[in-house]
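Colleague: Before I rely on any labels, could you take me through how they were assigned?

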Protein chains: 12
Amino acid sequence: MADRVFKKISVTGCSTESYEKAIEAAVEKASESLRGLAWFEVKEFRGGLGSNGNIEWQATIDVAFKID
Amino acid sequence: MADRVFKKISVTGCSTESYEKAIEAAVEKASESLRGLAWFEVKEFRGGLGSNGNIEWQATIDVAFKID
Amino acid sequence: MADRVFKKISVTGCSTESYEKAIEAAVEKASESLRGLAWFEVKEFRGGLGSNGNIEWQATIDVAFKID
Amino acid sequence: MADRVFKKISVTGCSTESYEKAIEAAVEKASESLRGLAWFEVKEFRGGLGSNGNIEWQATIDVAFKID
Amino acid sequence: MADRVFKKISVTGCSTESYEKAIEAAVEKASESLRGLAWFEVKEFRGGLGSNGNIEWQATIDVAFKID
Amino acid sequence: MADRVFKKISVTGCSTESYEKAIEAAVEKASESLRGLAWFEVKEFRGGLGSNGNIEWQATIDVAFKID
Amino acid sequence: MADRVFKKISVTGCSTESYEKAIEAAVEKASESLRGLAWFEVKEFRGGLGSNGNIEWQATIDVAFKID
Amino acid sequence: MADRVFKKISVTGCSTESYEKAIEAAVEKASESLRGLAWFEVKEFRGGLGSNGNIEWQATIDVAFKID
Amino acid sequence: MADRVFKKISVTGCSTESYEKAIEAAVEKASESLRGLAWFEVKEFRGGLGSNGNIEWQATIDVAFKID
Amino acid sequence: MADRVFKKISVTGCSTESYEKAIEAAVEKASESLRGLAWFEVKEFRGGLGSNGNIEWQATIDVAFKID
Amino acid sequence: MADRVFKKISVTGCSTESYEKAIEAAVEKASESLRGLAWFEVKEFRGGLGSNGNIEWQATIDVAFKID
Amino acid sequence: MADRVFKKISVTGCSTESYEKAIEAAVEKASESLRGLAWFEVKEFRGGLGSNGNIEWQATIDVAFKID
């Protein structure tokens, strides 16, 4: 097995529905410019609180992709 | 822009449905006595396990609100 | 009240739906061989990214159970 | 089971005897103004050193209580 | 020496000048409603970036005060 | 010296007296089913607060034992 | 509100004056190639010590910017 | 893909040669009683110092294996 | 001395030999597209365990390089 | 008030009685060669387990003292 | 290049002006008895609050110096 | 068993070969001025990157030795 190398980038996704949707938004955006996405690690969960009581779910992940 | 100051309080919400519901319960309770809620940070996710196999989702967050 | 002692084990559950489902899978598997499950603590959230864009939600928890 | 919400406050207790006494002082003071104390988490142990060689045991805990 | 008890609150101050000014704003606001402020611990330094290139220095501190 | 290998398990002990007694309870229970206990590391100190003002001291330790 | 996504990069700025100047240098350099800078988080403060007694203030920050 | 569940155990390996040898000793010992070993995470590197100047390399890892 | 600015990227290298070889693979790959590499910081050591008992040593590092 | 400077050293004390006694042993030993001891911070609690079931309480503290 | 070895000591500096001045006081004091100071790492920022509203800025750093 | 006390110092060793060699350099240097070295704990692994592609392996350890 040849030596493999991955790069990780940090992305914060936001959603008005759930943390899973926030992560999906982050992954989808990352996949637009990167190939070989392999895994991600959750680094932080936060939330924005609007004056109307709505919550914006915010998830920061490190996304790893293989470097050819 | 005038100097702004926020205070943070630590709240643990519980729900039998999901972590998002647990956080919403915590935020809703905090909003009963505080105005100007701005954001929150997730500090811990835990869970209670009942003898019937049910899970109580428990989320501890720091909620920040603006001090006038 | 007599002195109580709990043991904790570390389990990683996976799901294609959500982190809650991943945790439920981990708890269900732990309950097959252990009695007296009491609580769990989330230690890490990660995710696997398939070539088809699907996400595998991966949750690592410490599950505590009472030792008789 | 209805959704439950707890609030946590941070308190530092001091004692010339032991860390347990320092925590008891912190809990006792918190119980003077709060009802429904449920649990606490130790965050830090420190100590003050007097010129006479005496030690002041200092314990910082997060005390959780139920919000009705 | 009688047993002493301190309470800590978490405050985020903001300033357009420096982190020291952000902390001073947080301390000054805390001192409006609390007596016996004793010390603080820096928990986080962040910053807001305006479209005009200006920086808002944001400091989160835990402020401790003596409970009588 | 031959290569040695140790395994660690996580145990939470409880006591109504002190953290040392809570740890002793955890060690004693672990020693019932394991041989070769070598050392432990304290991971967390918490406490339960009863309605009568009593404190249950809770200590979580990782106990290491030699694998033959 | 549409789902928003931010990317974070890690930058270390240096200055012979202060940590604020070191951060400003890091932000200014980041802004040369990136648009939509939104916030930053301080990750580490270090310093270089020259043989002449001078200090180089070194600040490492994570800078977040919006991805269109 | 069916839901997968892994269990992690904590093992400390020792070697007089290197950290890699210490980890190999820990993995080899774990594989004697467990099937389906999948990955490990290094938690701590320490070392013992003998009176003769020799070093015992000590590595603590969490080893994960699939539960059928 | 003019103000200097460095950027850090996160890279995971893998090797079947040792952690040093895994890091060298990560650094070599990073040097293919970046100039001015200055230092790196180890963030995590993990390992993959093959069914044949082989170990893939995995090292995640933050690599810093000077921005002109 | 003139600028004050403190130095901290790391000391591990051991006792067969309690963590407080272990810390007192560490402080007493430090005071034999240092003047102006001011405070300490607990960094780690561990324990040694003898074959006879006895526990050696081990406390690692950072002790600060004023530099004249 | 011969193998180099550095030692680090922990120093807390105080100042009534700023964190940079507190660090400079710590470095200056360390340089009185040590040669070859090379770099420092900030470990903690705290502050003392006087009854007159004044702030004492307290910075704890690890200072590294080369051992010949 | 009499109460034992250990002191820990922080040392950074460097090597052009491996992390083990970097640690050996740090231990060897510490042993020149200290007796009773007992154990060490790895605190950080870093590396220097030369313009020629060479790596300087840098290991920071806390070395403990018994105080008589």
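**Labels and their cut-offs**

Modeller: Glu44(H) is partly exposed, because its relative accessible area is 22% and the label covers values between buried (under 20%) and exposed (over 50%), with a 1.4 Å probe and protein chains only. This is a predicted model, in which local features need pLDDT of at least 70 and side-chain atom pairs count only at pLDDT 80 or more, while totals for chains, interfaces and linings use all residues. Residues are numbered from 1 along each chain as its sequence is written, chains are lettered from A and ligands numbered from 1 in the order in which they are written, and side-chain values use heavy atoms, with hydrogens and water left out.

Colleague: What makes Glu44(H) and Arg46(H) a salt bridge?

Modeller: The closest N and O atoms of Glu44(H) and Arg46(H) are 3.4 Å apart, and a salt bridge is a side-chain nitrogen of Lys or Arg within 4 Å of a carboxyl oxygen of Asp or Glu, so the pair qualifies.

Colleague: How do you know what Glu17(C) is in contact with?

Modeller: Contact means heavy atoms within 4.5 Å; leaving aside neighbours within four places in sequence, Glu17(C) is in contact with Glu20(A) and Trp57(C). The C-alpha atoms of Glu17(C) and Trp57(C) are separated by 7.0 Å, although these residues are 40 apart along the chain.

Colleague: Why is Glu17(C) called exposed?

Modeller: Glu17(C) has a relative accessible area of 57%, and is therefore exposed.
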